[in-house]
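Subject: Handing over the structure

Hi,

Here is the structure I promised to pass on.

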Amino acid sequence: MRPGHYGQILSPNSNYRGYAIREYGAKCSVCGFDEDVSLLEVHHIDENRNNNNIENLIPLCPMCHRKLTTHKYKLINREKIIKIEE
(Lines give C-alpha, C1' and ligand atoms only; values in the text may rest on other atoms or scores of the structure.)
Protein backbone atom coordinates (compact mmCIF):
# COMPACT_ATOMS: atom_id res chain seq x y z
CA MET A 1 0.00 0.00 0.00
CA ARG A 2 1.41 3.38 -1.00
CA PRO A 3 1.42 6.41 1.30
CA GLY A 4 -1.34 8.95 0.68
CA HIS A 5 1.05 11.51 -0.82
CA TYR A 6 1.86 9.32 -3.85
CA GLY A 7 0.50 10.79 -7.06
CA GLN A 8 0.00 14.26 -5.63
CA ILE A 9 1.00 17.15 -7.85
CA LEU A 10 3.70 19.21 -6.17
CA SER A 11 4.15 22.92 -6.62
CA PRO A 12 7.07 23.97 -8.84
CA ASN A 13 9.15 25.08 -5.84
CA SER A 14 8.79 21.75 -4.02
CA ASN A 15 11.25 19.71 -6.09
CA TYR A 16 12.98 18.43 -2.98
CA ARG A 17 14.09 15.25 -4.80
CA GLY A 18 16.20 17.17 -7.32
CA TYR A 19 17.45 19.48 -4.58
CA ALA A 20 18.65 16.57 -2.42
CA ILE A 21 20.27 14.71 -5.30
CA ARG A 22 22.13 17.83 -6.44
CA GLU A 23 23.31 18.49 -2.88
CA TYR A 24 24.28 14.94 -1.85
CA GLY A 25 24.96 13.24 -5.18
CA ALA A 26 23.12 10.75 -7.37
CA LYS A 27 23.61 7.73 -5.14
CA CYS A 28 22.11 6.11 -2.08
CA SER A 29 23.67 7.74 0.97
CA VAL A 30 23.68 4.41 2.80
CA CYS A 31 24.59 1.61 0.37
CA GLY A 32 26.01 3.66 -2.50
CA PHE A 33 23.60 2.39 -5.19
CA ASP A 34 24.15 4.58 -8.25
CA GLU A 35 23.18 2.45 -11.26
CA ASP A 36 20.02 4.38 -12.14
CA VAL A 37 19.26 7.84 -10.74
CA SER A 38 15.60 7.47 -11.71
CA LEU A 39 15.25 4.75 -9.06
CA LEU A 40 16.56 6.92 -6.23
CA GLU A 41 14.09 8.19 -3.68
CA VAL A 42 14.45 10.99 -1.15
CA HIS A 43 13.63 10.37 2.49
CA HIS A 44 12.48 13.06 4.92
CA ILE A 45 14.52 12.21 8.01
CA ASP A 46 11.95 13.64 10.43
CA GLU A 47 9.15 12.10 8.29
CA ASN A 48 7.55 15.53 7.87
CA ARG A 49 6.99 15.94 4.12
CA ASN A 50 6.52 19.67 4.63
CA ASN A 51 10.05 20.03 6.00
CA ASN A 52 12.12 20.23 2.82
CA ASN A 53 15.19 21.74 4.48
CA ILE A 54 18.26 20.14 2.93
CA GLU A 55 19.39 18.85 6.34
CA ASN A 56 16.15 16.85 6.52
CA LEU A 57 16.55 15.17 3.12
CA ILE A 58 18.60 12.15 2.14
CA PRO A 59 18.75 10.27 -1.18
CA LEU A 60 18.19 6.53 -0.76
CA CYS A 61 17.70 3.49 -2.95
CA PRO A 62 14.24 1.91 -2.69
CA MET A 63 15.47 -0.86 -0.36
CA CYS A 64 17.16 1.47 2.13
CA HIS A 65 14.16 3.80 2.01
CA ARG A 66 11.78 0.92 2.68
CA LYS A 67 13.80 -0.18 5.70
CA LEU A 68 13.31 3.24 7.27
CA THR A 69 9.64 3.64 6.39
CA THR A 70 8.77 0.30 8.01
CA HIS A 71 10.24 1.66 11.27
CA LYS A 72 12.13 -1.61 11.76
CA TYR A 73 15.44 0.17 11.08
CA LYS A 74 16.88 3.54 12.00
CA LEU A 75 19.30 5.90 10.31
CA ILE A 76 22.63 6.58 12.02
CA ASN A 77 24.72 9.61 10.99
CA ARG A 78 23.13 9.76 7.51
CA GLU A 79 25.39 6.88 6.40
CA LYS A 80 24.23 3.70 8.11
CA ILE A 81 20.96 1.91 8.77
CA ILE A 82 20.68 -0.47 11.71
CA LYS A 83 17.93 -2.85 12.67
CA ILE A 84 15.97 -1.85 15.76
CA GLU A 85 15.99 -4.48 18.46
CA GLU A 86 12.55 -5.83 19.19
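What follows is a short tour of what turned up, going from the overall layout to single residues.

Before we start, a word on the numbers. This is a predicted model, where local features need pLDDT of at least 70 and side-chain atom pairs count only at pLDDT 80 or more, while totals for chains, interfaces and linings use all residues. Residues are numbered from 1 along each chain as its sequence is written, and side-chain values use heavy atoms, with hydrogens and water left out.

The layout

The chain has 2 helices and 4 strands; these are DSSP runs numbered from the N terminus, with helices being H or I of at least four residues and strands being E of at least two. Read from the N terminus, the order is α-β-β-α-β-β. Of the 86 residues, 26% count as buried. Buried here means under 20% relative accessible area, exposed means over 50%, and partly exposed is in between, using a 1.4 Å probe and protein chains only. Among contacts with a separation of 6 or more, 40% come from residues 24 or more positions apart (a contact means heavy atoms within 4.5 Å).

In α1 (16-24), the buried residues are Y16, G18, A20 and I21. Their cover includes β1 and β2. Just after this helix, G25 takes a positive phi of about 100°.

β1 and β2 run antiparallel and are joined by 4 bridges; two strands pair if DSSP finds at least two bridges between them.

In the loop between β1 and β2 you will find N51, which is buried at a relative accessible area of 18%. The N51 side chain makes a polar contact with the side chain of N53, at 2.9 Å. A polar contact is a pair of N or O atoms within 3.5 Å; within protein, one must be able to donate a hydrogen and the other to accept it, and residues adjacent in sequence count only if both atoms are side-chain atoms. Not counting residues up to four places away in sequence, N51 touches H44, D46, N56 and L57.

Helix α2

Helix α2 covers residues 62-69, and its buried residues are C64, H65 and L68. Seen down the axis, these fall within an arc of 100°, so they line one face of the helix; the arc is that of the directions from the helix axis to the C-beta atoms. M63 and R66 are exposed on the other side. The buried residues of α2 pack against β1 (41-44), β2 (57-60), β3 (73-76) and β4 (80-83).

H65 deserves a look of its own. This residue is buried at 12% relative accessible area, and its side chain makes a polar contact with that of H43, at 3.3 Å. Leaving aside neighbours within four places in sequence, H65 is in contact with E41, V42, H43 and L60. Just after α2, H71 has a positive phi of about 65°.

The core

The largest nonpolar core has 14 residues, and those with the most contacts inside it are A20, C28, V42, L57, L60 and C64. Such a core is a set of buried Ala, Val, Leu, Ile, Met, Phe, Trp, Tyr and Cys residues joined through side-chain atoms within 4.5 Å. α1, β2 and α2 each supply at least two residues of this core.

So where are the disulfides? A search of the whole structure finds 0, a disulfide being a pair of cysteine sulfur atoms within 2.5 Å. The sulfur of C61 has its closest cysteine sulfur in C64, 3.7 Å away, which is too far for a bond. Both residues are buried, C61 at 7% and C64 at 6%.

Most residues other than glycine have a negative phi. N77 counts as exposed at 66% relative accessibility, whereas R78 counts as partly exposed at 25%.

Happy browsing!
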